[in-house]
Amino acid sequence: MKTPLACAIAACGLAALPAMAEPQSGGVINTVIQPEPPGLVLGMIQNAPTRTVAGNIYEGLLRYDTDLNPMPQLATSWEESDDGLTYTFHLREDVTWHDGEPFTAEDVVFSADVFHRELNPSARAVLQHVESIEATDDHTVVFTLSQPFGPFMLSFEAGTFTMVPKHVYEGTDFRNNEANNHPIGTGPFKFENWDRGTVIELVKNEDYYEEGLPYLDGVNWHIIPDGASRAVAYENGTVDVLPYGTVENFDVPRLSEMENTCITQEGHEYFSPFAMLWMNNREGPTADKRFRQAVMYAMNREFARDVLWNGLGEVPLSAFGSNARFQNEDLEPYDHDPEKARELLDEMGYDGEEVTLLPLPYGETWTRWAEAVQQNLSEVGINVRTESTDVGGWNQRLGEWDYDLAFTYLYQYGDPALGISRTYLSDNIEKGSPWNNVEGYENERVDELFNEAATAFPEEKREELYHEVQEILHEDVPVGWLLELGFPTIYRCNVKNLVTSGVGVNDGFKDAWIEE
Amino acid sequence: MVYARLIAMRLFKAVIVLFMIIVFNFFLIQMAPGDPAAILAGEAGATDQEFLRQLREQFGLDQPLYVQLWRYVSGIATLDFGYSYRQQMPVLDLILARLPATLLLTGTAFVLSLALGIFAGSMAAARVKKVSGSLIMALALVFYATPLFWVALMAVLLFSVYLDWLPAYGMFTVGAHYTGWAHVLDVLNHLILPASTLALFFMAIYTRMTRASMLEASQQDYVKTARAKGLKDRVIQRRHILRNALLPIITLAGLQAGQMVGGAILTETVFAWPGIGRLMYEALMQRDYNLLLGIFFFSAALVIVFNIFTDLVYRLADPRIKGAS
């Protein structure tokens with residue numbers, strides 16, 4: 001199964017090269033959004049479907065290429081002071097909001113200092129290191145940090161640090177502002193219409209500041225609740241692009257063999273979703289390090305990738321994924337080795353006590369994956385009982401630490417201080433959320449290293465600290481590292497330039513064009 | 001006069017029943033694990049305690065349960081159904097926006113299944129020992145026993161993917177922006193598959209019930225009398241047998257009509273029909289309490305209304321039913 005799809009990807013890798021032909025303007029793209037987003041005001045709502053649709057309406061100061069280097073967007077240039085404490089951004093001067101008002105440095109200050117500080121947890125995590133934000137003139141903004149913060153330059157993507165219009169929101173109740181029903185951004189597409197349950201329509205921003213962009217006249221996001229119906233919508237030609245996660249994995253090989261169909265897993269580099277197995281470090285067999293190591297040896301992660309994920313994605317070496325910075329490549333991988341797993345279990349004296357496993361309630365692939373893991377574990381003598389929940393139940397069980405093993409996946413956001421340390425820091429242990437240090441891992445040295453590394457300066461110093469922390473984590477196995485997920489985007493090959501950045505799944509239609 | 005008193009009595013009882021339903025549903029929902037704030041935060045993939053606290057405060061979930069109940073009940077008394085946590089809109093607006101789509105779908109299916117079911121059932125009753133009669137019953141059995149979503153998927157495969165005659169999903173052609181008659185035709189075109197899928201199951205039930213009920217009625221003495229006085233077979237079938245066989249069918253039709261608001265979850269999901277059933281399912285998954293309670297309320301109210309209505313129709317169909325029931 002892996003081979004044909006890998007070929008398809010290689011082939012469209014070629015297709016995705018800068019096209020020889022001149023881009024053509026015109027045409028509307030029909031695509032799918034699943035599930036229906038709760039609203040479209042990025043910054044107020046950060047869930048995946050909102051990011052994917054509204055990433056075309058709103059913009060951030062920067063974009064990132066697929067290696068996560070910053071690219072200009074609303075800011076054309078930027079400088080970092082030698083001590084890593086002051087960052088100066090120079091803004092474009094010809095930008096207007098969708099309602100015609102000019103975009104200025106005041107909007108940046110308002111968005112960051114007022115709007116996001118109040119509403120946005122992911123921006124708050126960065127802003128706690130920021131002492132002041134000032135507009136020195138209409139098109140210059142200076143951020144002053146209280147201490148150096150390594151990943152600061154990675155925080156300006158549209159979904160994390162959305163620019164919202166000051167003249168619309170200032171002095172209002174943000175969440176109940178009338179304008180939330182008609183979002184106003186600076187992006188290449190304007191909000192046109194939302195028929196709840198049916199479609200969200202975006203149209204070209206005729207006054208967009210980048211010459212000639214966007215090429216498309218509009219984008220229609222169809223809302224189709226059933227996975228099989230979404231596949232049919234692509235098959236019968238109603239939609240041309242199936243973004244990540246919109247069809248079940250077992251439909252992917254069939255769809256990718258259709259004529260004029262390309263598939264890519266690019267555009268996720270910034271998020272780099274990392275599937276993990278929570279293991280409860282507090283009680284039961286999973287509290288023993290040897291048990292957790294045994295689980296790592298028992299699982300056949302390559303099999304899961306090749307069969308359940310169509311060969312997409314990468315088996316991670318350890319706690320830091322391949323797209324994360326500062327990965328320590330010298331660690332000994334946890335290969336599939338049932339014999340070693342049995343030895344570890346014997347050594348700890350595992351008595352066959354039953355452990356519960358919660359699959360992620362996100363569809364068929366995850367259910368099957370749980371079955372595969374259950375089978376792997378039972379091969380080495382671990383007694384597993386799978387318990388199905390819905391999303392609400394899953395949230396609650398994890399938030400109250402009521403599990404032994406549980407699937408999840410987390411975004412890595414390009415830097416360990418943004419997306420990785422949160423899983424292991426002991427001051428991030430708190431009931432009520434399924435996204436913090438749910439496993440209950442506590443290690444003083446790890447806390448020290450992560451905290452120091454986040455604000456260490458310069459980069460070499462950070463690298464050293466992160467390499468040491470990875471060695472400890474690799475030995476302790478606080479959680480199981482399953483797979484760096486490769487989510488396929490399926491599209492007609494004559495849609496060109498669909499993914500042009502490391503956040504491409506969310507801002508892709510800016511550069512896209514249709515070849516007739 | 002009798003009718004007016006009857007209706008007044010029934011309406012009075014209905015209010016009490018509705019109130020009990022509201023309170024019962026309110027506590028039932030609280031028993032489901034997880035709360036809407038956690039789910040919303042979970043969807044965002046990143047959260048801190050501050051964010052959860054803000055959401056809970058905004059939704060009023062930080063209040064004791066009896067305060068929440070009081071707020072909800074007193075809200076409903078003024079037709080304020082609260083605010084949908086996830087969709088960020090007033091519940092009443094959401095429900096009213098989705099109601100027409102659902103009523104169009106379930107209403108069409110209702111009429112289709114009732115008409116075709118009674119027709120096929122009478123045919124089968126008239127051809128009781130013939131091949132054609134058995135064929136009708138065999139088909140009815142197949143439709144009755146086949147799961148709805150499977151029929152729906154197969155219908156999409158056949159009529160949309162292979163034959164390309166009908167649209168596979170949705171209520172209108174996205175991006176076409178039709179108006180006037182073009183829009184009506186477009187919607188009708190989209191309605192055919194989901195409405196017939198939904199109608200099949202009930203049609204099968206009506207067919208079976210009509211046949212059984214008519215066969216029973218045809219054994220009655222007045223049928224013999226009618227035959228003896230030389231009436232034509234067709235007239236006997238229609239006037240004497242069918243009319244007397246109608247009561248159980250009306251009962252069932254009343255039940256089906258009561259389900260019109262919430263009864264099409266599967267069909268609406270497979271065909272991406274923007275109706276209430278889907279809204280309810282999503283609200284359940286997201287623990288969108290207010291929205292869910294609002295839909296429960298409307299469904300319950302509709303069931304009650306149709307029960308009253310069914311009772312009235314009984315009296316029309318069979319004048320022997322009188323007095324309080």
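Me: Which residue forms a salt bridge with Lys510(A)?
Reply: This is a predicted model, and a salt bridge needs a side-chain nitrogen of Lys or Arg within 4 Å of a carboxyl oxygen of Asp or Glu. Lys510(A) has such a partner, with the closest N and O atoms 2.6 Å apart. The partner is Glu210(A).

Me: How many residues apart in sequence are the parts that this pair ties together?
Reply: Lys510(A) sits in the loop between helix H16 (504-507) and strand E20 (513-514) of chain A. Glu210(A) sits in the loop between strand E9 (199-204) and strand E10 (218-222) of chain A, so the pair links parts of the chain whose separation in sequence is 300 residues.

Me: How many salt bridges does the structure hold over all chains?
Reply: The pair Lys510(A) and Glu210(A) is one salt bridge. Over all chains, the number of salt bridges is 34.

Me: Into which domains is chain A divided?
Reply: The division of chain A includes a domain written as several stretches, domain 1 (4-57 + 187-268 + 487-514). The others are domain 2 (62-169) and domain 3 (273-485). The answer is therefore domain 1, domain 2 and domain 3, as set by an automatic or database domain assignment.

Me: What area do domain 1 and domain 2 of chain A bury between them?
Reply: The C-alpha centres of domain 1 and domain 2 of chain A are separated by 27 Å. Their contact takes 21 residues from domain 1 of chain A and 24 residues from domain 2 of chain A. Carbon and sulfur atoms give 52% of the buried area, which comes to about 1800 Å².

Me: What is the N to O distance in the salt bridge of Glu157(A) and Arg51(A)?
Reply: Arg and Glu can form a salt bridge when the nitrogen and oxygen are within 4 Å. The side chains of Glu157(A) and Arg51(A) meet in this way, at 3.8 Å.

Me: Which residue of chain B forms a salt bridge with Glu36(A)?
Reply: Across the interface of chain B and chain A there are two salt bridges. In the one with Glu36(A), the closest N and O atoms are 3.8 Å apart, and the partner is Arg98(B).

Me: Which residue meets Arg10(B) in a salt bridge?
Reply: Chain B is divided into domain 1 (2-91) and domain 2 (95-316), and the area buried between them is about 2600 Å². In domain 1 of chain B, Arg10(B), Ile29(B) and Val91(B) lose the most area to domain 2 of chain B. Across that interface there is one salt bridge. At an N to O distance of 2.3 Å, Arg10(B) meets Asp311(B).

Me: At what angle do helix H5 and helix H10 of chain B pack?
Reply: Two packed helices are described by the angle between their axes and the distance between the axes. Here helix H5 (residues 91-126) and helix H10 (residues 233-258) of chain B have axes 11 Å apart, and the crossing is right-handed. The residues of the contact divide into ten nonpolar, four polar and no charged. The packing angle is about 145 degrees.

Me: Which residues does His240(B) touch, leaving out those up to four places away in sequence?
Reply: His240(B) lies in helix H10 of chain B. Setting aside residues up to four places away in sequence, His240(B) touches Tyr222(B), Ala226(B), Leu231(B) and Val235(B).

Notes:
Residues numbered from 1 in each chain as written. Chains lettered and ligands numbered in written order. Predicted model: local features only at pLDDT ≥ 70, side-chain atom pairs only at ≥ 80, totals over all residues. Heavy atoms only, no water. Axes fitted to C-alpha atoms, helices over the stretch in contact; angles between N-to-C directions. Helix = DSSP H or I, 4+ residues; strand = E, 2+ residues; numbered from the N terminus. Left-handed = near helix turned anticlockwise from the far one by under 90°. Nonpolar A, V, L, I, M, F, W, Y, C, P; charged D, E, K, R; others polar. Contact = heavy atoms within 4.5 Å. Buried area = accessible area lost by both parts, 1.4 Å probe.
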